[in-house]
Amino acid sequence: MPNNRNKTKFDPAAFLANAGIGSKIVEFKPKQAFFSQGDPADSVFYLQKGRGKLTVVSQNGKEATITQLSVGDFIGEESLASIPGQRLSTASAVDACVALKISRGEMVRVMHEEPAFADYFLKFLLARSMRTQTDLIDQLFNSSEKRLARILLLMAEFSKPGERDRFIPPISEKTLADMIGTTPSKVSYFMKRFHKMGLINYDGRIQVNKSLLNVVLLDQFPEQNSQKPPLPAIEPVRKAISSIDKKIRKPAASKKAAAAKRNMAAD
């Protein structure tokens, strides 16, 4: 009977940090593509450093950003489908990136032979599925301003407890508009509004402050910065309208009374 006590325990983090059989470390410059929409789906990338994004292009040439990618994300997991196909989207670097490129065959082998890695990868897929569902709910039920706040928080990775206010990687207002389903002009308006309220610092680089969480979680803006001009009191306005109405109606009523008296006198 084989002795497995001396078998080295598999470490998913070590596997994803180093090149090996069927995998290699690759570097990408800003805007360089990991792969393009329509390419053969023959490998999976694990992002070790930098930020990226996934985009799709429609048949009429319109481009839309699906999601932003950060350290610890797998990219191109559709290549693990039972029947290898084509890439459904384009993955590109936002800033300088380093990634581990794993061939489809190696990825399948490790998942079959190493339960620890299979568990690690499954947790990632579940987290991405939950993120996709949350994105859909956000798109259906939240305002574009609240969707923008959520995207900025995700890019700043405020899901991690104890994080300080963070800068997000450079991103255009058009890209943000594509991600939340609105226009660049509205994004510009919301960004200026957030900056005025102290929710973000918007001077070349975007720095997201934790106070922006109140917009997403509590739908709450800072009171001192979000006060609207006071509406006129309803009761005084109502009295004024009533007074004007009486003045308009009084002459007409007097004429009717006089006419009635004349009719009675004539009878």
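The questions below cover a helix, a loop residue and some aromatic rings.

Analyst: This is a predicted model, in which local features need pLDDT of at least 70 and side-chain atom pairs count only at pLDDT 80 or more, while totals for chains, interfaces and linings use all residues. Residues are numbered from 1 along each chain as its sequence is written, and side-chain values use heavy atoms, with hydrogens and water left out.

User: How far does helix α4 reach from its first C-alpha to its last?

Analyst: Helices are DSSP runs of H or I with at least four residues, strands are runs of E with at least two, and both are numbered from the N terminus. Helix α4 covers residues 144–155, which is 12 residues. The expected span is 1.5 Å times one less than the number of residues. For α4 the expected value is 16 Å, and the reach is close to it, at 16 Å.

User: How many of the 12 residues of α4 are buried?

Analyst: Buried means under 20% relative accessible area, exposed means over 50%, and partly exposed is in between (1.4 Å probe, protein chains only). Among the buried residues of α4 are Leu148, Ile151 and Leu152, and also Glu145 and Arg147. The helix is largely enclosed by the rest of the structure, because the number of buried residues is 11 of the 12.

User: Is Lys31 buried or exposed?

Analyst: Lys31 lies in the loop between β1 (23–28) and β2 (33–35). Its phi is near 75 degrees, a positive value in a residue other than glycine. The relative accessibility of Lys31 is 77%, so Lys31 counts as exposed.

User: What kind of aromatic pair do Phe10 and Phe117 form?

Analyst: Rings of Phe, Tyr and Trp (its six-membered ring) pair if their centres lie within 6.5 Å; planes under 30 degrees apart count as stacked, over 60 as edge-to-face and the rest as tilted. A search of the whole structure finds 15 such pairs. Phe10 and Phe117 are 6.3 Å apart centre to centre, with 85 degrees between the planes, and the pair is edge-to-face.

User: How many residues apart are Phe10 and Phe117?

Analyst: Phe10 is in the segment before α1 (12–17), and Phe117 is in helix α3 (residues 115–141). The pair links distant parts of the chain, and the separation is 107 residues.
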